[in-house]
Amino acid sequence: MILAADPPAASTTLATVFTVAAYLLATLPAGPERRWPLQALVAAWGLQALVLVSDAWPGADGLPGLRIGFAPVLSLTVWLVIAIHGLESRMLPVPRLRRTLAAAGAVAAALAWVFPGELHVVAHSHWAPLHWLLGLLSYGLFGAAVLHALLLDNAERRLRSGIGTGSGTFGVPLMRLERLTFRFVQAGFIVLTLALVLGLSSAYWRWDHKTVLSLLGWATLAALLIGRRVRGWRGHLATRWLYAGALLLLLAYVGSRFVLEVVLQRATG
């Protein structure tokens, strides 16, 4: 068995079923005049938030501290990316992303139910909750940056093949899409730096896989921002550095927790 020892509560299971169903409904094709796909996406997003909060809330399962596992963190990251996209779409509509984000939300919500996590994190200082919050927020910002980088790469491929034009992808100008991508990178880097400073200044930090991978991810993203500023890195070179940095950050917590929870069957580490 590679499931968590403590199964989710019946209420969590029911809410997850509705969440996944709403996300799947939002993946169905529909004309731009139809409002129900967006309504389904918003409903699923709200239900997912309730599931994440109720399952991780201190004392929700009778034990102290937040219950945080690799799948809930991944689910929260997708939730944050959908939230950022929702805010951004009010100024820059990208309708075709709805189905992709809804599919990602369905998968992430289902994974969080299958692997709810067994690690109970207890705040050892007043700054610990802020450290966790900043770390999770940086995941969401870099997730949004990666999403925009994928769109940017797709637009450049289409432009080189002669299929696209200077308008970029989905009608978004290429230069504007690039600026948006690196604004998310810059914002995520600032938030990540603050999270690392708080974490490394704590008396409870230690050198482990999570710390090393986090610092490597930070260094990779710092090199990207410096290279872009000093050497003018753009295009595939810049997005490859972004993908590498984001992957290191993903491995730092989600990857290390996956190994501990699923491969090694350990709740601590």
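**A chat about the helices of a predicted model**

Q: How many helices and strands are in the chain?
A: The chain has eight helices and two strands. Keep in mind that this is a predicted model.

Q: What pattern do they follow along the sequence?
A: Read in order, the pattern is α-α-β-α-α-β-α-α-α-α.

Q: How much of the chain counts as buried?
A: 44% of the 269 residues.

Q: And the contacts, how many join residues at least 24 apart?
A: 75% do, counting contacts between residues at least 6 apart in sequence.

Q: What span should helix 3 have, and what does the model give?
A: Helix 3 covers residues 70-89. At 1.5 Å a residue it should span 28 Å, and its end C-alpha atoms are 28 Å apart, so the two agree.

Q: At what angle does helix 3 pack with helix 4?
A: About 155°, with the axes 8 Å apart. Helix 4 is residues 97-114. That angle makes the two helices roughly antiparallel. The crossing of helix 3 past helix 4 is left-handed.

Q: Which residues make that contact?
A: From helix 3, they are Ala71, Pro72, Leu74, Ser75, Val78, Val81, Ile82 and His85. Helix 4 brings Leu97, Leu101, Ala104, Gly105, Ala108, Ala109, Leu111 and Ala112.

Q: How do they divide into nonpolar, polar and charged?
A: The contact has 13 nonpolar residues, three polar and no charged.

Q: Ala71 is in that list. How far is it from Gly255 in space?
A: Their C-alpha atoms are 9.9 Å apart, though 184 residues separate them in sequence. Gly255 lies in helix 8, which runs over residues 235-263.

Q: Is Gly255 buried or exposed?
A: Buried. Its relative accessibility is 19%, and the cut-off for buried is under 20%.

Q: Staying with helix 8, how does helix 5 pack with it?
A: The angle is about 150° and the axes are 10 Å apart. The two are therefore roughly antiparallel. Helix 5 passes helix 8 in a left-handed crossing.

Q: Where is Val191 found?
A: In helix 6. Val191 is buried, at 12% relative accessible area. Leaving aside neighbours within four places, its contacts are Leu134, Leu137, Ser138 and Leu141.

Q: At what angle do helix 6 and helix 7 pack?
A: About 140°, with axes 10 Å apart. Helix 6 is residues 174-200 and helix 7 is residues 209-230. They are therefore oblique to each other. The crossing is left-handed.

Q: Who makes the contact?
A: On the helix 6 side, the residues include Phe182, Val185, Phe189 and Leu196. On the helix 7 side, they include Leu215, Trp218, Leu221 and Arg228. The contact residues divide into 12 nonpolar, four polar and two charged.

Q: Which residues of helix 7 are buried?
A: Thr211, Ser214, Gly217, Thr220, Leu221, Ala222, Leu224, Leu225 and Gly227. Their cover includes helix 5, helix 6 and helix 8.

Q: What span should helix 7 have?
A: Its 22 residues should span 32 Å at 1.5 Å a residue. The end C-alpha atoms are 31 Å apart, which agrees.

Q: What comes just after helix 7?
A: Gly232, which takes a positive phi of about 70°.

Methods:
Residues numbered from 1 in each chain as written. Predicted model: local features only at pLDDT ≥ 70, side-chain atom pairs only at ≥ 80, totals over all residues. Heavy atoms only, no water. Axes fitted to C-alpha atoms, helices over the stretch in contact; angles between N-to-C directions. Helix = DSSP H or I, 4+ residues; strand = E, 2+ residues; numbered from the N terminus. Parallel < 35°, antiparallel > 145°, perpendicular 65-115°, else oblique. Left-handed = near helix turned anticlockwise from the far one by under 90°. Contact = heavy atoms within 4.5 Å. Nonpolar A, V, L, I, M, F, W, Y, C, P; charged D, E, K, R; others polar. Expected span 1.5 Å × (residues − 1). Buried < 20%, exposed > 50% of the residue type's maximum accessible area, 1.4 Å probe, protein only.
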